[in-house]
Amino acid sequence: MQRTLVKNALRSDSDCESILIQGWIRTRRDSKDFSFLAINDGSCLKNLQVIVDATLPDYTKIDQLTTGASVSIEGKLIASQGKEQKWELAARKIDILGIADHTYPLQKKGHTSEYLREIAHLRPRSNLFGCLFRVRSRLAYAIHTFFQERDFVYIHTPIITSSDCEGAGELFRVTTLDPSKPEASKDGIDFSKDFFGKPTYLTVSGQLEAEIFACALSNVYTFGPTFRAENSNTSRHASEFWMIEPEMAFCDLNGDMDLAEEFVKYLIRDFLNHCQEDLELFAKFVDKELLKRLEFVVDREFKRIPYAEAIDILRESGKTFEYPVQHGANLQSEHERFLTEEHFKCPVTVFDYPREIKPFYMRANDDGTTAAAMDVLVPRIGEIVGGSQREERLDVLANNMKEHNLNLDTYWWYLDLRRYGSVPHSGFGLGFERMLMFITGVANIRDIIPFPRTPGHAEF
RNA sequence: UCCAAAGUAGCUCAAUGGUAGAGCAGUCGGCUGUUAACCGACGGGUUGUAGGUUCGAGUCCUACCUUUGGAGCCA
């Protein structure tokens, strides 16, 4: 007999003589003559209520039907007499697939996310984390849909790389050398004896490789894991996280900002349209302001202002900030939040940042002091998108690289893109987990990623 | 890495420097078309670790560990 998902059983438009449900018991409530079971199989937030009559032969097993046990139940789908649900299952036959004894750590009552983090192998069985990971899947699907509908080509950029995308943070080294007996040379470790014959790392960004493909297939995107060995201990940073990086040939900074705005709005709208049940749970238990904030972003045009203007606004605000506001310095979290939450009261795209605080690949503007860079700022999270128009002029790029003390020989292929058929092109990066945090209201990145990796933590 | 707060039963939390407690969970029993059911009983603790102050420390002090929040770096 074919299994029916709880989601589909609850959506049924008529009763059904015989269906098979398989899942895990959330609660059991006993009466004298029968018991209620709540079964969840992860297909949706809601449980299916099962009635087990005490006259059933299988009722002798009732003591083993505890929270967490896995069961396979066949019976009749009937209209429920209770008011909390439309349908319920009158059990005919119950098979216990796996018992869960009293040591099962998940209880019927709510747990803190800090506690659930310690049992990351069981937390997907909780209501909140079930919702989160279903939404994570849906968001990944929406990302692909957005780009595929717009004729972007999905590129798999390498996870092991020999180039460090300068400015993106500390790298994890990839090596097969024995750390207790490294192949020594007079300068230290001899990486020519290493697996790839040179130093290699886990990627911090697929951007440079994506540029290669944009300069052939026009519009491309990457969507994959990236790694940072930074000792960052915050609720917004992980050592392993996923990033989306579109790259477009024949596109300038304005086109880049257009796409970023359209993309962010598309993802939020997709969530609002397809994850109603999950949204209600987040809005109720995670963040009461969630719906208001999502509509805030979806309904408004993003305000676009040059960096210099943003600095002037901050200076003239009369507010005292912990970090001083000055031309040439990076915007701090408090500055970003002031702009979106207090001054403009809408998402803000800041562009044309000073060249000195931006990486070598960003295009120099004609004013000689700024770069064609942009950041999209949203309430609460701050920067959610960072992007730029790339420097397409060979001589200017080479100069930038020298100013950043980079070895031109190691980037020979990157320079080749400007040597042969160079085109203006632009792109941006969006942190997948940051976007999920914004969409769900969940405040800690460790609750958004199935198995978080942070300094000192690589469990499971 | 820096700043701040916290750590007590399986979970969530109480306890003026003076006998460590509740709710939930668990076990046992009862009751009811129940729905994070309800009622009763029972079991459950080296108060994060190591020192110190004190007649006496969960409580005060020091160090360390862990967690959380904020900052920097960034996505």
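This is a predicted model: local features need pLDDT of at least 70, side-chain atom pairs count only at pLDDT 80 or more; totals for chains, interfaces and linings use all residues.
Reader: Which side chain meets that of aspartate 447 in a salt bridge?

Author: A salt bridge is a side-chain nitrogen of Lys or Arg within 4 Å of a carboxyl oxygen of Asp or Glu. The partner of aspartate 447 is arginine 117, at 2.8 Å from N to O. Arginine 117 belongs to helix α2 and aspartate 447 to the segment after α12 (432-440), so this pair ties together parts that are 330 residues apart in sequence. Helices (H or I, at least four residues) and strands (E, at least two) are DSSP runs, numbered from the N terminus.

Reader: How many salt bridges does this rule give, and which residues are linked in a network?

Author: The count comes to 30 salt bridges. Glu17, Glu74, Lys76 and Arg92 are linked in a network of them. Arginine 92 is in strand β5 (residues 87-98) and glutamate 74 in strand β4 (residues 70-79), so the bridge ties together parts 18 residues apart in sequence. Glutamate 74, at 17% relative accessibility, counts as buried, whereas arginine 92 is partly exposed at 34%.

Reader: Where does glutamate 262 lie, and where arginine 150?

Author: These two residues form a salt bridge, their closest N and O atoms being 2.9 Å apart. Glutamate 262 is in helix α5 (residues 253-274) and arginine 150 in the loop between α3 (127-149) and β6 (153-154), so that distant parts of the chain, 112 residues apart, are linked. Both residues are partly exposed, glutamate 262 with a relative accessible area of 37% and arginine 150 with 25%.

Reader: Which residues come nearest to RNA strand B?

Author: A residue is near a strand if one of its heavy atoms lies within 4 Å of it. Of the 49 residues around RNA strand B, the nearest are Asp30, Ser31, Arg117, His237 and Arg434. Sugar and phosphate make up 48% of the atoms of RNA strand B that come within 4 Å of the protein.

Reader: What do individual polar contacts to RNA strand B involve?

Author: A polar contact is a pair of N or O atoms within 3.5 Å. An N or O atom in the side chain of arginine 29 lies 2.8 Å from a phosphate oxygen of RNA strand B. A polar backbone atom of lysine 83 is 2.8 Å from a base oxygen, and an N or O atom in the side chain of asparagine 233 is 3.1 Å from a base oxygen. Elements giving two or more residues to the surface near RNA strand B include β1 (16-30), α2 (113-118) and β17 (382-389).

Conventions. Residues are numbered from 1 along each chain as its sequence is written. Chains are lettered from A and ligands numbered from 1 in the order in which they are written. Side-chain values use heavy atoms; hydrogens and water are left out. A polar contact is a pair of N or O atoms within 3.5 Å; within protein, one must be able to donate a hydrogen and the other to accept it, and residues adjacent in sequence count only if both atoms are side-chain atoms. Buried means under 20% relative accessible area, exposed over 50%, partly exposed in between (1.4 Å probe, protein chains only).
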